[in-house]
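Student: I am new to this structure, and I would like to go through it slowly with you. Could we look at it together first?

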Amino acid sequence: MRLVLLGPPAAGKGTQAEKLKKKFGLVHIATGDILRKAAEEKNPLGEKVRNFMEKGELVPDPLLFTLLENKLRGRDFVLDGFPRNLTQAEKLDRLLEDGIDLVINIKVDEKTVFERISRRLICPICGKIYREKKQKCDICGTKLFRRDDDNPETILKRIEVYKKYTYPLISYYEKKGILRHIQGNKSPEQIFQDILLLLKEEGIG
Ligand code: AMP
């Protein structure tokens with residue numbers, strides 16, 4: 001099964017990708033996580049990546065492809081945060097001989113995006129996302145942190161970048177007949193149930 005999750009920042013792509021990974025044994029490929037790891041490295045590549053991410057801009061395609069290419073071949077996966085522009089979508093089409101089974105667009109309005117990101121706290125160990133005030137992770141007890149790019153200024157930039165570069169992918173995949181919409185203003189478990197139903201209807205779940 002090869003899935004792409006589309007949607008604005010904080011739509012819940014990461015949470016749903018983890019659930020899909022557990023349910024179907026997919027590889028969860030999150031370009032944001034790959035880039036955050038690269039950005040921690042004290043080398044020129046890390047510094048470059050860090051610069052773009054801090055501003056809420058997209059990391060340039062050639063840089064991203066260097067880090068991503070080998071991870072995509074011959075696997076069942078769920079993509080989260082990729083593709084994010086038309087060049088990346090076309091590149092993905094060229095890389096995959098059998099193509100993508102389904103693109104799921106998780107719909108969330110702008111106000112909700114802003115509210116969710118402003119409150120978002122993350123566990124550095126298990127990756128669990130919290131939207132309520134909390135100090136430590138319920139699962140592993142680790143101190144939660146706020147992402148560097150989860151600040152009001154960068155959030156606005158990321159929403160702008162989403163509208164300009166990522167939103168057009170909806171019609172790109174619509175034209176290919178593989179795009180389906182899911183309402184994202186629900187609890188993570190309800191959204192997951194909607195996705196499972198959708199996959200069943202499509203004959204791939
Ligand atoms: P995310 O964790 O998906 O919200 O991504 C965090 C940041 O990583 C984005 O604001 C971009 O700077 C960068 N990023 C993630 N995925 C991509 C991508 N597919 N192309 C370019 N930049 C990306």
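What follows is a set of questions and answers on a few residues and on the ligand.

Tutor: This is a predicted model, in which local features need pLDDT of at least 70 and side-chain atom pairs count only at pLDDT 80 or more, while totals for chains, interfaces and linings use all residues. Residues are numbered from 1 along each chain as its sequence is written, and side-chain values use heavy atoms, with hydrogens and water left out.

Student: Is Gln88 buried or exposed, and in which helix is its place?

Tutor: Buried means under 20% relative accessible area, exposed over 50%, and partly exposed in between, with a 1.4 Å probe and protein chains only. Because its relative accessibility is 2%, Gln88 counts as buried. Helices are DSSP runs of H or I with at least four residues, strands are runs of E with at least two, and both are numbered from the N terminus; the place of Gln88 is in helix H5, residues 86-95.

Student: Which side chain does a polar contact join to that of Gln88?

Tutor: Leaving aside neighbours within four places in sequence, Gln88 is in contact (heavy atoms within 4.5 Å) with Asp61, Leu64, Phe65, Phe82 and Pro83. A polar contact is a pair of N or O atoms within 3.5 Å; within protein, one must be able to donate a hydrogen and the other to accept it, and residues adjacent in sequence count only if both atoms are side-chain atoms. At 2.9 Å, such a contact joins the side chain of Gln88 to that of Asp61.

Student: How far does a polar side-chain atom of Gln88 lie from a nitrogen atom of the ligand?

Tutor: Of the 16 residues around the ligand (those with a heavy atom within 4 Å of it), Gln88 is among those that come nearest, together with Thr31, Arg36, Glu57 and Gly81. From a polar side-chain atom of Gln88 to a nitrogen atom of the ligand, the distance is 2.9 Å.

Student: How much of the ligand does the protein bury?

Tutor: A backbone N or O atom of Glu57 lies 2.5 Å from an oxygen atom of the ligand, and a polar side-chain atom of Arg147 lies 3.0 Å from an oxygen atom of the ligand. Taken alone the ligand exposes 490 Å² (accessible areas come from the Shrake-Rupley method with a 1.4 Å probe; for residues, only the protein chains shown count as cover), and the share of this that the protein buries is 95%.

Student: Which helix gives the largest share of the shell around the ligand?

Tutor: The largest share amounts to 4 residues, and the helix they come from, spanning residues 31-40, is H2.

Student: Where does Leu3 lie, and is it buried or exposed?

Tutor: Leu3 lies in strand S1, residues 2-6. Its contacts beyond four places in sequence include Leu20, Phe77 and Ile204. Because its relative accessibility is 0%, Leu3 counts as buried.

Student: How many disulfides does a search of the whole structure find?

Tutor: A disulfide is a pair of cysteine sulfur atoms within 2.5 Å. The sulfur of Cys140 has its closest cysteine sulfur in Cys123, and because these are 3.5 Å apart, they are too far for a bond. For the whole structure, the number of disulfides found is 0.

Student: With the side chain of which residue does Lys186 make a polar contact?

Tutor: Lys186 is found in the loop between strand S7 (179-183) and helix H9 (188-201), and it counts as partly exposed because its relative accessibility is 34%. Not counting residues up to four places away in sequence, Lys186 touches Arg116, Ile191 and Asp194. The polar contact, at 2.7 Å, is with the side chain of Asp194.
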